[in-house]
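Me: I've got a model open and want to check a few labels against the numbers behind them. Can you walk me through it?

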Amino acid sequence: MIILKNLHKTYESKANKIEAVKDVTLNINKGEIYGIIGFSGAGKSTLVRCINFLEKPTNGQVVIDGKDLSTLSNKELREERKKIGMIFQHFNLMKSRTVFENIAYPLKGSSYSKEEIKNKVKDLLKLVELEDKADSYPSQLSGGQKQRVGIARALANDPKVLLCDEATSALDPQTTKSILKLLKEVNKKFGITIVIITHEMQVVKEICTRAAVMENGKVVEEGSIFKIFSEPKEKVTKNFIDSTSSLSNIYDLIENKSSVVDIKENEKILKLKYLENSTTEPIISIVSREFNVDTNIIFGNIEIIQESPLGGLVVIIRGEEAKINNVISYLQENNVEVEVIKDGRLSAKITA
Ligand SMILES: Nc1ncnc2c1ncn2[C@@H]1O[C@H](COP(=O)(O)OP(=O)(O)O)[C@@H](O)[C@H]1O
Ligand SMILES: [Mg+2]
């Protein structure tokens, strides 16, 4: 659906040269919700503006539905762009126009009659649940409502692609959730391919099926959300994931010698991480029962992504050494990664 091939974008001024996007190659499938994650300055906005040629790539190709955008005439490009909707962090609504007029704006000059435009805007207002706000002005709306208008406007031309550049970054978590839900609905109902640019890992986790991680203009990691979250390869990806998980707090507790991690000789602290295809069995209770050990959960961070558990636990496990070792093997056999964070026997020896 969207193919980016060896895409480069360089900004050149007299003083310097900035390579904002470097050699990006990506395939985004028809109908999927694809995430592009990266910290500020990574090149995400530049990349997304290259997708609709708002920014002309310095090098490389953008192919949408089999059409190489660089080969189109200006007129053809304008037509093609109509099929690519876009929403922004700060909504970019026209302040002096009503909600109705904002949504109708992209239809100006189209072949639709006045009546048809009215009906279309009405349908869009219904879709974004703002039927009662048609005559309001943007200043009279909340952030979430403004973004709903942004979405309705982006859909006015029945696009096949919707580009979202930090569309929820100015919104609170609850409003973010409702906007993501709406985007999911739009994706399902119309089969629109959605590209979500964000620096918020939570957003990607909630809505995307696949994602790319960008750093310094490059895509450094790419794959299914599950793979990225369960087995991140790059440091930048790990940093992102840590920002949404409490499990790494265990290291602070150990560093600060918290009484929570002050374990006995027959105890170990384990960090467990569910890998792809790990079991949905109640593993902790099985372990406690079958191997005759006690487990105490200190941190837990598990959610279900694409029907598999993702995340992990930090537990204190108490029992005979051999039994604990059996537990560790059992967990590993069930695709749970085990890290021994602290071993009571060892710390007892050190302090002895
Ligand atoms: N129009 C521009 N002219 C010059 N440099 C730019 C321009 N737009 C972006 N940049 C630079 O390109 C890099 C990537 O920016 P951007 O794509 O906005 O990143 P992100 O959206 O990930 O925060 C930054 O170093 C930024 O300063
Ligand atoms: Mg940006």
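Predicted model: local features only at pLDDT ≥ 70, side-chain atom pairs only at ≥ 80, totals over all residues.

Me: What domains does the chain have, and how far apart are their centres?

Reply: The domain assignment gives domain 1 (2–236) and domain 2 (249–351). Their C-alpha centres lie 41 Å apart.

Me: What makes the two domains count as being in contact?

Reply: Contact needs heavy atoms within 4.5 Å, and here 10 residues from domain 1 and 10 residues from domain 2 take part.

Me: How many salt bridges and polar contacts turn up between the domains?

Reply: The salt-bridge count is 0, while 1 residue pair is in polar contact, both at pLDDT 80 or more. Helix α8 (residues 225–230) gives the largest share of the domain 1 side, 5 residues. That side divides into 4 nonpolar, 3 polar and 3 charged residues.

Me: Why is the pair F39 and F240 called stacked?

Reply: The ring centres are 4.1 Å apart, and pairing asks for within 6.5 Å; the planes sit at 15 degrees, and stacked means under 30, so F39 and F240 are a stacked pair.

Me: What makes F39 and F240 a link between distant parts of the chain?

Reply: F39 is in the loop between β3 (33–37) and α1 (44–51), F240 is in helix α9 (residues 235–242), and they are 201 residues apart.

Conventions
Residues numbered from 1 in each chain as written. Chains lettered and ligands numbered in written order. Heavy atoms only, no water. Domains from an automatic or database assignment. Salt bridge = Lys/Arg side-chain N within 4 Å of Asp/Glu carboxyl O. Polar contact = N/O pair within 3.5 Å; in protein donor to acceptor, adjacent residues only side chain to side chain. Helix = DSSP H or I, 4+ residues; strand = E, 2+ residues; numbered from the N terminus. Nonpolar A, V, L, I, M, F, W, Y, C, P; charged D, E, K, R; others polar. Phe/Tyr/Trp six-rings, centres within 6.5 Å; stacked < 30°, edge-to-face > 60°.
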